[in-house]
Amino acid sequence: MGVDCGGLGTCEVVAGQATCDCVPGYHAEGATCVLDSVDCADPAVLCVDDTPGENQEYATIQEAADGVSPGEVVLIFDGRYAGFELATSGTASERITVRALGTGAVIDSDGPDGYGVVLRNVSPVTIEGLRIVGMTARGLAHREATPTEPSVGLIIRDNVVQDAGAEGMYLSEVSEALIEGNEITGSGASGADRTH
């Protein structure tokens, strides 16, 4: 019926109309799933802001990533951040989402291993709307799954990766994933001969 719900839900027919049954934290608007309203007081929303104030529950993305649980959203306000590692998985019914609130959340200093975002064998996780600039190694990477037990259910959407020293994105042992709307430029800035 032309409805795919953007990987954030399943299509169903209600009263003869196609609609989306969205994952927690999203609601249906026509043929797409849209993030629910933002409320930093909501216990399922972990707000990251590099500027002290009412939205600064966490000052770094890593702090929020260390504390996130299935079904929660790490919401990143505009600002400049260091890279981070996520080693916590969501579940089939309660995905973990790490998402920029606007268009100005920029990761511009290295996180673990010289990466902007490193996912360590995690499943249902969404990474959305981040700008990752000038990492020493990889911009966004998934590591440590295996061919017989790959990561499943990743959604990597609408991220911008610029001038990574090696690969812009390196997604190893990933299955049943949605990778869309990302922009990768300037990979191999370190002169590495193996880049994506």
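Q: Which side chain does the side chain of Arg120 make a 2.4 Å polar contact with?
A: That's the side chain of Asp113. A polar contact here is a pair of N or O atoms within 3.5 Å; within protein, one must be able to donate a hydrogen and the other to accept it, and residues adjacent in sequence count only if both atoms are side-chain atoms. Bear in mind this is a predicted model: local features need pLDDT of at least 70, side-chain atom pairs count only at pLDDT 80 or more, and totals for chains, interfaces and linings use all residues. Residues are numbered from 1 along each chain as its sequence is written, and side-chain values use heavy atoms, with hydrogens and water left out.

Q: OK, and what does the Arg120 side chain do with Glu144?
A: Another polar contact, side chain to side chain, at 2.9 Å.

Q: Is Arg120 buried or exposed?
A: Buried, because its relative accessibility is 16%. The cut-offs are under 20% relative accessible area for buried, over 50% for exposed, and partly exposed in between (1.4 Å probe, protein chains only).

Q: Switching topic: how many disulfides does a search of the whole structure find?
A: One. Cys40 and Cys47 form it, with their sulfur atoms 2.1 Å apart; the cut-off for a disulfide is a pair of cysteine sulfur atoms within 2.5 Å.

Q: Which hand is the link of Cys40 and Cys47?
A: Left-handed, with -95° about the S-S bond.

Q: And is Cys47 buried or exposed?
A: Cys47 is buried, since it sits at 0% relative accessibility. Cys40 counts as partly exposed because its value is 22%.
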